Amino acid sequence: MAARILAVFLLLFLSAAPLGSSLYEDQVGLMDWHQKYIGKVKHAVFHTQRSGRKRVVVSTEENVIASLDLRHGDIFWRRVLGANDVVDAIDVALGKFVITLSSDGSTIRAWNLPDGLMVWETFIRGSKSSKSLLLSGTNSKVDKDNTILAFGEGCLVAVSSADGEVLWKKDFADASFEVQQIIQSPGRDVVYVLGFVGSSSFDAYQINGKNGEVMHHDTASFAGGFSGNTLLVSDDVLVALDAAMSHLITISFQGGGLSINEKPISNLVGDFAGPVEILALKLGRMFALKANKLITFISISNDGKLDVLEKINSAAAISDALSVSDGRHAVGLVQQVDNKVEFTVKLGNDWNTNLLKETINMDHQRGFVRKVFINNYIRTDRSHGFRALVVMEDHSLLLVQQGEIVWGREDGLASILDVTTSELPVEKDGVSVSKVEQNLFEWLKGHILKLKGTLMLASPEDMVVIQGMRLKSSEKSKMTRDHNGFRKLLIVLTRGGKLFALHTGDGRIIWSRLLESLRKSEACEHPTGLRIYTWQVPHHHAMDENPSVLVVGRCQQNLDAPGILSFVDAYTGSEIKSVGPVHSVLQVIPLPFTDSTEQRLHLLIDAKQRVHLYPRSREALSIFQQERSNIYWYSVEADKSIIRGYAIKRTCVHEDAGDYCFEPRDLWSVVFPGKSEKIVSTVTQKLNEVVHTQAKVMAEQELMYKYISKNLLFVATASPKASHEIGSAIPDESFLVVYLIDTITGRILQRMTHQGCQAPVHAVFSENWVVYHYFNLRAHRYEMSVIEIYDQSRADNKDVLKLVVGKHNLTSPTSSYSRPEVVAKSQSYFFTHSVKAITVTLTAKGITSKQLLIGTISDQVLALDKRYLDPRRSLNPSQAEKEEGVIPLTDSLPIIPQSYVTHALKVEGLRGIVTVPAKLESTTLVFSYGVDIFFTRLAPSRTYDSLTEDFSYALLLITIVALIAAIFVTWVWSERKELQEKWR
Amino acid sequence: MKRTEQSLRYTRAQGCGEIAQRRHAAALHHPLPAVHLGDVRLTSHRPHRSPAYRSTISSIESILAMMELERWGPSKFLPTSRLLIVLAFVSCLSCVFVAGRSADGYTINGRVKIPTGAGAKGFGLLGKISDVKVILNGGQKVTFLRPDGYFSFYNVPAGTHLIEVAAIGYFFSPVRVDVSARNPGKVQAALTENRRGLIELVLEPLREEQYYEIREPFSIMSVVKSPMGLMMGFMLIVVFLMPKLVENMDPEEMRRAQEEMRSQGVPSLSSLLPSAARN
């Protein structure tokens, strides 16, 4: 009977817990934080003419168009375009539309300036690819008919800025005509289209601005040939370089015919070597020439004479010319002087006078100035003031005004490459008693407020205070390790080569460091960061040392480019040491061994499949030598459809660091038929995953043994047609094959074909199961499949007696060479959305049930309980299965809005989701990144090992008080009754 | 070059005779005589691409099927010769709506309709049309909605495509869109979630999404129902009702029961203790 009551109670508890976690609206921000970014700014247009909100419209390398508040740097609105929709130019038209030209000049869109609503969209179809140019005529005041001229895909199009209507179109279909510039005459009725034909002829078309008819066509040839870009210096003069890069060519094209002049560059800058680049200033009859590590400013007089104005160091950024007043043009210059930045504004016609010269203190962690955009305003004394928007090397965006940085945005965080975590330092000082006493009153007050909140008695102001208190709760953002392991450092590597450490409590930046080794240098022209690994996690005997991370980079984009290694202190961000450029890095394998200073051994595999051991110490080498025979790895050659397995053969013969370099020995290879199958996805288990139990208890006391091996590789291949995007293949010619391959022996454990299905495949591998997402062409829906692998050779170890007596093979070592009998179970379900990323929750001990975290196409992260992806689901589960928690089979996976981890937020441009176990078994930390970053804490099976945030302490107190009161009352009553009994 | 826009409209006989639908007649400024082109009747006109024009379109939703064909000459730019075809199918489930044809790709035009007013409460940020994205083939192309809810994908090759709508607060079913190569410009669409064919490419959310649990207001019942409340309730019952029950019993019956218990020797806690056992 008692047991039944207990069961009823348990049921009551359990029924309250739905599958997955959910959130109340007032809990937003309690455990999660969300930061919005835009990325590295490419173009910026200020909009400050009218009174009211001053803003700057920017487009970025993450294909974001955003309107920023010029006062604080906040985002008014932001639109994230598709991945292929690269923004070529932006402008503001009519004072109310933002015009963007994107997708190689094929799409023109107009966005409403105040709220970012897309007003119209026009598509230009041309016949060839070309430069894309946009002229919206904001600079010319005479603009009345509001047409926008756009050039893209070899077509010149005039578009009405009010509704996007194409007014006329002129196709320059001639393949050899390479358009360089489009100029509109001040009266706006003549448009000049200028370009090269072949390499040595220059063509100029005069086009009627009203209807697009060619009025005049001029050709001039130049024997020296042209190279690279041309620059428009004024309304009628163009500057170019000749093919040999030794002469400067000026072309003047107005006033009847074309005239070409050339002048040797050496006359202007003296002797020079290396590449020459001409930099546009736009208007102002000036341009800049970058040669000899110097920037030379050159002006052109009306009769075509070139004059050198000034030479400055090339570590400077120049803004476009800005027309100030009555035809005068100002140019902004930002130069780096030690830790300071010099911002100068010069007048085009009168170079020697500075309109403005300011020195600004700049954090040297921001690197060099990359771009500068200037804007002017009228001061109260009617003089001109200037503000500059500065893009730095680390992709951050700063607004500089009156010698100060008004605001800064860390937009490097919009392009995260990789993430790792680090523990915070242990708390050392004891908590003093006085502090507690002082806080007691506060504590009481807080709890009374909370009590009011719980009893729904709180006024709106109180609610605000409660919310603020919850958000602030200093517990969350302390700089020390906590008991539950919620507080950690997220160490993030960005494309700009900067490393950030973010606090998981509130997302603030603890430190940031522009890695010296990931900056452009002589030896390494285009360094990029690749991955980040935990290098040293001190515990036990190396407690005093700080943990450190390993950053792996590469000098160039190609795979065999030399690699760069950098070791960074995780608490301070200082670079301990850096190595490089060294051998190429294709793969990094962290080994499960550490040396006496807790440095983890890492194997770096280069393009020739040679293995390099790090750290390069004798001790590490001796540890490695012991385990050498147990080290295997594999390589995936997707273009050749081959997977190869390797082991170590011997130390390198021709290598400098001979002892730490090893040559590979080919072990096995899996060759997929290249004509019919292409590798589209490979996934392995996470190295740090913990598996709690090897056995799975089924209903009816059945026992299944999971086949758990860290050396399994999931490979998905698709037929060549099916490996492209959706919409290009038909079901009959597409199929998807998935394999489970043992990476030690190359044995294929499981092979499964999905007919009529196609890539993209997103997969996640955990414990003994793989879940993968792909597109089913027949149903034209996305599908998700699960494969679970069980070890059949241990299946007869069910007898308890046998286990007790010891007659079982459970303790026998598992080996890939033992060829165990495995059984795979699989099931497929429909899933509604496209998927961008997929991962699984990790917990400290692996006891808690798992949830899949699915980054959907709408940039949200959905938590889906693994129980929905269970091959044992059937239409009518038996009673026993129901008790076990098997969900009846449905054809599609449910999408419960409350189980969106990101609730009502979006992680724009979502690219990855990372899960890190907390110390508390029930909880896992989730970090998702894209253009935005989002962090939260999840409890896949609810927080069974701690009280939740919304636990009602008030109710507990009330109950206790009531019970005590009841005890006293009943005690008095019983006394009285006893007395009465005695009197009787 | 003169601005010319043509609109082609045709009706196709499908057993039940010709049904000609006039779409946004208000926008027709210069209707030209109808031209016969096989079984296709063409009319050209100049539509205004103004918001007013679009709102007119939206006002006429009763059309069974419509088809818009944009033809651009492959070599010469015939600017926006816009052929509007109104097709009336009666038989098929998933019919034709919007497609434009050009050199090697088609244009898919459609509309997203988000119910305003009802239900959008609680989410101040929701229901904003500017935040809605329309995605073709899982991210191949992304576009946004114009103020009237219309969207277009340009230069889409013939084939079967998937359109998804990403809008916070609403659940949209992905839409399967077939752009036929054999029958230029013919487009069919169906919701993939419930396999419902679409007559027009008008996408409406299947349901609203509520991302937060709703906190129930404080009530006595919730306290009573909570484990502690149950505990207290049980205790109260024991304290107040049990003595009553005992009192109500017949004294003789009581005595009998007590004797019975004594004879059976109910193992009481005291009897289990070693000291009790010694007695």
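Q: Which residues is A:Val45 in contact with, leaving aside its neighbours within four places in sequence?
A: In this predicted model, A:Val45 sits in strand β2 of chain A, which covers residues 41–47. Contact here means heavy atoms within 4.5 Å. Neighbours within four places in sequence are set aside, and the partners are then A:Arg55, A:Val56, A:Val57, A:Ile90, A:Asp91 and A:Val92.

Q: Is A:Val45 buried or exposed?
A: The cut-off for buried is under 20% relative accessible area. A:Val45 has a relative accessibility of 16%. A:Val45 therefore counts as buried.

Q: What distance separates the C-alpha atoms of A:Val45 and A:Lys357?
A: Along the chain, A:Val45 and A:Lys357 are 312 residues apart.

Q: How many helices and strands does chain A have?
A: Strand β2 (residues 41–47), the place of A:Val45, is one of the strands of chain A. The count for chain A is eight helices and 64 strands.

Q: What percentage of the residues in chain A is buried?
A: Chain A has 984 residues. It exposes about 43400 Å², and carbon and sulfur atoms supply 53% of that area. Among contacts with a separation of 6 or more, residues 24 or more positions apart account for 50%. As for the residues themselves, the buried share is 53%.

Q: Where in chain A is A:Pro615, which a cis peptide bond joins to A:Tyr614?
A: Most peptide bonds are trans. The bond between A:Tyr614 and A:Pro615 is cis, with omega about -5 degrees. A:Pro615 lies in the loop between β45 (611–614) and α5 (618–627).

Q: Which element of chain A holds A:Pro760?
A: The peptide bond from A:Ala759 to A:Pro760 is cis, and its omega is near 0 degrees. A:Pro760 belongs to residues 757–766, which form strand β55.

Q: What is the relative accessibility of A:His780?
A: A:His780 has a positive phi, near 55 degrees, and is not a glycine. Most residues other than glycine have a negative phi. A:His780 is found in the loop between β56 (769–776) and β57 (781–791) of chain A. The residue counts as buried because its relative accessibility is 0%.

Q: Is B:Asn137 buried or exposed?
A: B:Asn137 is in the loop between β7 (133–136) and β8 (141–144) of chain B. Its phi is positive, near 50 degrees, in a residue other than glycine. The relative accessible area of B:Asn137 is 4%, so the residue is buried.

Q: What distance separates the centres of domain 1 and domain 2 of chain B?
A: Domain 1 of chain B takes in 106–117 + 125–208, and domain 2 takes in 215–249. Taken over C-alpha atoms, their centres are separated by 56 Å.

Q: How far apart are the end C-alpha atoms of residues 228–246 of chain B?
A: An unreviewed UniProt entry lists residues 83–103 and 228–246 of chain B for "transmembrane region". The span 228–246 is 100% helix and 0% strand. Its end C-alpha atoms lie apart by 26 Å.

Q: Which proline follows the bend of α3(B) within four residues?
A: Helix α3 of chain B covers residues 227–248, 22 residues in total. From first C-alpha to last it reaches 30 Å, close to the 32 Å expected at 1.5 Å a residue. The helix bends by about 35 degrees at B:Leu241. The proline that follows within four residues is B:Pro243.

Conventions:
Residues are numbered from 1 along each chain as its sequence is written. Chains are lettered from A and ligands numbered from 1 in the order in which they are written. This is a predicted model: local features need pLDDT of at least 70, side-chain atom pairs count only at pLDDT 80 or more; totals for chains, interfaces and linings use all residues. Side-chain values use heavy atoms; hydrogens and water are left out. Domain bounds come from an automatic or database domain assignment. UniProt positions are given in the numbering used here, feature names are shortened, and annotations may be inferred rather than shown by experiment. Helices (H or I, at least four residues) and strands (E, at least two) are DSSP runs, numbered from the N terminus. The expected span of a helix is 1.5 Å times one less than its number of residues. The bend at a residue is the angle between axes fitted to the seven residues ending there and the seven starting there. Buried means under 20% relative accessible area, exposed over 50%, partly exposed in between (1.4 Å probe, protein chains only). Accessible areas come from the Shrake-Rupley method with a 1.4 Å probe; for residues, only the protein chains shown count as cover.
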